[in-house]
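Hi,

Here is the structure I promised to pass on to you. Have a look at it first, and then read on for what turned up.

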Amino acid sequence: MGAEITGMTARLLILLMMANGTPILLRKLLGDRFGWPVDGGRRFPDGRPWFGPSKTWRGLVCGIGAAAATAPLLGLAWEVGALVGAASLAGDLLSSFLKRRLGIGSSGMALGLDQVPESLLPLLAVRERFGLEWSYIAWFVIVFIVLELALSAVLYRLRIRNRPY
């Protein structure tokens, strides 16, 4: 793998970690303070929540903001960071929506469904900008799954996450 691809991979992984990790850290630091659910507690016609209580406006705004603020430190435009963050968190919301439809509770594990949308959607959002090949995207998603599972276990041991994945 060339240095350019390796550098891009590292930068994209860092942006994804900022977008997805910031809400977890804020939940640990702030508890429920400013943690208004995105779905407002409303229910889908099937009687289940749209997303659940762990998907908050605080997490969305701060996750996107963290990715946008980190991007210039990585040599990328803040807009790229905001786009990657927004697409990743949109993927996270999609996962939560689908998990609720499948009867999986908030923060419940669904291997693949938890990781693929939040890593695939950002790559699709920046695919043309960075000339990402489909094989690279597939490889990146697999790497993201492995890294997220490993990092989740570490965060659980550090008592930052409530559940290990």
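Residues 24 or more positions apart make up 64% of the contacts in the protein with a separation of 6 or more, a contact being heavy atoms within 4.5 Å. This is a predicted model, so local features need pLDDT of at least 70 and side-chain atom pairs count only at pLDDT 80 or more, while totals for chains, interfaces and linings use all residues. Residues are numbered from 1 along each chain as its sequence is written, and side-chain values use heavy atoms, with hydrogens and water left out.

The protein has 5 helices and 0 strands; both kinds of element are DSSP runs numbered from the N terminus (helices H or I, at least four residues; strands E, at least two).

Of the 165 residues, 41% count as buried, which means under 20% relative accessible area, with exposed over 50% and partly exposed in between (1.4 Å probe, protein chains only). In H2, the buried residues are Arg58, Gly59, Leu60, Gly63, Ala66, Ala67, Ala68 and Thr70.

Gly108 sits in the loop between H3 and H4. Its relative accessibility is 7%, so Gly108 counts as buried. Gly108 and Ser96 are 12 residues apart in sequence and 9.2 Å apart in space, C-alpha to C-alpha.

Leu124 belongs to helix H4. Because its relative accessibility is 36%, Leu124 counts as partly exposed.

Finally, the C-alpha atoms of the protein fill a box of roughly 50 × 30 × 30 Å along the principal axes.

Enjoy exploring!
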